[in-house]
Amino acid sequence: MLAQPMSVAVGRRLSVAAQKLGTANPLGLIKPLLDRTFSLPEGDSRYAGNALTPGAAPFEPSYSELEPQVLRFTVEPLEPSASGLDRRDEATREMRRLVKLFGPDALHWFDERSEEWRSSGSGANLHYGAFFGNTYDRDGLAGSKVYYETRPHQLESLPRELFGIVSTALHLLPNLAPVFTTISCRRESGGQRVTFLHRGSLRLADLGPLLGSLGMEPQLAGLMQTMGLALGGRFELPERSVLIAVGQTPEGPEVEIYALLGAIPDVPRNFLDLLAMGMTERPRELEAMLRWLNAFTPESEDWPGNFSVLSVRMTPGTAPTVSLYLRPIEFEVSRHMTSPQSAAV
């Protein structure tokens, strides 16, 4: 008898989470993608070698203060043996399929904006290729996004305003290396940003010149307070633990700082309590985050898993807002429990 594919467990968790969060069930739209991505049995060690959530199946739910009442998640599409080019093409197909639900203008916008990244010539030497994300609210699909692996020369293909912001960031923080561009479509709008890895350690205070140049100087204090409190007084992040995203929104430039918690050696054991402490003045968002944690906690456990990323987003006219990313405990992979040879029983 063959073990059931992991897609069954992922689908079950999404259905439960949707019910608890009061959103539409995403399986009606994305079950075929989940079946293609999680076709191997639960616990198969081959899942561990992915670029999205190394050591776990490539499924990452997240909570955002900007969208406290939604279900958000990202996957690395296709099974572990797929190439980066295959993943890029699969993410593009799924993105186009779902964006059609927002109308022909949205699809035209996406095709135009993504041309450089989805064209055949951009697929050379890809590592992971692309990730794919969805957002659902009570009315159904609220947004879809694709994260395209990005090379430095592709930055020249960015829209003019975004290219200007990217150029400013590279000038003020020369240790930035592009990782991916995110192209997102929602019911009424679309957007693009570029995410960089910061090579070397980074003091949060060193972000001052970038924030100042983009009209966000007052936000530095809020960033340092949020990050510093949650990380137990740490204001310098070590090598390969920081991603920096920049984008252009209708409200102006945006900057988001991502702390990769697995690369930080001394994250406090009471990290969540410290993060919640920093959100006490935003009780609605704090309550929504706790409800999100409950939605991804298995019935047989008292904890949803390990937190992978803490991010803080800023724009000139808004206070810093928090996002939190999760590695669900039920999808962690132990290489010692299940091997590719013993997955079928």
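**Burial and overall build**

I checked burial first: 57% of the 345 residues of the protein chain count as buried, where buried means under 20% relative accessible area, exposed over 50% and partly exposed in between (1.4 Å probe, protein chains only). I noted that this is a predicted model, where local features need pLDDT of at least 70 and side-chain atom pairs count only at pLDDT 80 or more, while totals for chains, interfaces and linings use all residues. Residues are numbered from 1 along each chain as its sequence is written, and side-chain values use heavy atoms, with hydrogens and water left out.

I found 9 helices and 12 strands in the protein chain; these are DSSP runs numbered from the N terminus, helices being H or I with at least four residues and strands E with at least two. The C-alpha trace spans about 60 × 45 × 40 Å along its principal axes.

**Helix α4**

Next I went to α4 (residues 104–118), which bends by about 35° at Glu 112. The bend is the angle between axes fitted to the seven residues ending at a residue and the seven starting there. Its buried residues are Ala 106, Leu 107, Phe 110, Asp 111, Ser 114 and Trp 117. What do the buried residues of α4 pack against? I got α3, β4 (140–149), β5 (176–186) and β6 (190–198), with contact meaning heavy atoms within 4.5 Å.

**Two positive phi values**

Leu 78 has a phi near 75° and is found in the loop between β2 (71–75) and α3 (84–99). Buried or exposed, I wondered about Leu 78? Leu 78 counts as buried because its relative accessibility is 16%.

Arg 240 has a positive phi of about 60°, and its place is in the loop between β8 (236–237) and β9 (242–249). I put Arg 240 down as exposed because its relative accessible area is 51%.
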